[in-house]
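Biologist: I'm new to this one. Can you walk me through it?

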Amino acid sequence: MENINNVTEFILLGLSQNKKIKHFCFLLFLFCYIAIWMGNLLIIISIICSQLIDQPMYFFLNYLALSDLCYTSTVTPKLVTNLLEDSNTISYTNCMAQLFAMHFFGGIEVFLLAVMAYDRYVAICKPLHYTIIMNRTKCNAMMLACCAGAFLHSFAQGLLTIKLPFCGPNEIDHYFCDVYPLLKLACTDTYIIGILVIANTGMIGLVTFVVLMLSYCLILYTIRAYPPKSRSKALSTCSSHITVVVLFFVPVLFIYIRPATTLPEDKVFSLFYTIIAPMFNPLIYTLRNTEMKNALRKVWCQNPFFVRRPLI
């Protein structure tokens, strides 16, 4: 395929062209972005400054919060600033960079959720071998594998897109650069590339989601024989993980598991995994987790740096 590219920049049409809606969305998503940073930084600092960092589940949760921050920061700042501007352009280079970064950090999150499910499976189904299987060396290796897998996924996605010829028009009916809207603009037959995108992104998401659901079903089956107190703790932890998995994977599968077409609903579904999931993850993991609540109290309420000192 000869790469003929007459497009140097793209126009992002965004969520709406109505000024009142754009101003409302600006305030809403600015609040969401601030909440994402505050919530995830709260988790990161609380885990690092407490003993929880030594536990594999919180070791991975710490990196999940970090990946959430990086993931949403590839999309949300551009979305928020564009809501105040009349001309919402993005250069070809920045568009490709955004596409690569978004799929890289999104891939890390997908693989991290799978690793966290495996951690819960070992902790609940093989408790006597947990400390051996999930030692720090293996945790570091799993984290490195998540990054490597995400890089390969993102590199393949970027390679498929960067070879596309763009002759015009250059209007992307979305609020960020993604594969399917770009395929729609390419001046060539994109059927084969669309199939490869499904094989790359769609199948990774689908297989990971099925494996996650099967692992949690196995966990729920195992804890039937547990005493009520232990069963309640395991259910609380797993329900938090399942909520995060569903909130993230269902919109992803809706967009990437189907043929390479764009729908008006794609923008709304994309908001779930780019903004809403990263914003609610800290709440989901703290409100239903006693250890996280205790860590938050210990770090933020009992720390002398944060406790108000009496006036002399």
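Modeller: We'll go through the pockets, the sheet and the disulfides.

Modeller: This is a predicted model, where local features need pLDDT of at least 70, side-chain atom pairs count only at pLDDT 80 or more, and totals for chains, interfaces and linings use all residues. Residues are numbered from 1 along each chain as its sequence is written, and side-chain values use heavy atoms, with hydrogens and water left out.

Biologist: What volume does the largest pocket have?

Modeller: About 480 Å³. A pocket here is an open set of points on a 1 Å grid over the protein atoms alone, where a 1.4 Å probe fits, with protein on both sides within 12 Å along at least five of seven lines. The volume is the space filled by probe spheres set on the points, which are joined across faces, edges and corners.

Biologist: New topic. What is the strand order in the sheet?

Modeller: E2-E1-E3, in an open sheet of 3 strands with mixed pairing. Two strands pair if DSSP finds at least two bridges between them. The edge strands are E2 (89-91) and E3 (171-172). E1 (residues 9-12) and E3 pair in the parallel sense over 2 bridges. Leu12 has Ile172 in E3 as its bridge partner.

Biologist: What packs on the sheet?

Modeller: H4, which touches E1, E2 and E3. Contact means heavy atoms within 4.5 Å. The direction of H4 makes about 85° with that of E2. Axes are lines fitted to C-alpha atoms, for helices over the stretch in contact, and angles run from 0 to 180 degrees between N-to-C directions.

Biologist: How many disulfides are there?

Modeller: The count comes to 2 disulfides, each a pair of cysteine sulfur atoms within 2.5 Å. Cys95 and Cys177 form one, with sulfur atoms 2.0 Å apart.

Biologist: What does the pair of Cys95 and Cys177 tie together?

Modeller: Cys95 lies in helix H4 and Cys177 in the loop between E3 and helix H7 (179-185), so the pair ties together parts that are 82 residues apart in sequence.

Definitions and conventions:
On a 1 Å grid over the protein atoms alone, a cavity is a set of points where a 1.4 Å probe fits but cannot get out, and a pocket is an open set with protein on both sides within 12 Å along at least five of seven lines; lining residues have an atom within 4 Å of a point. Helices (H or I, at least four residues) and strands (E, at least two) are DSSP runs, numbered from the N terminus.
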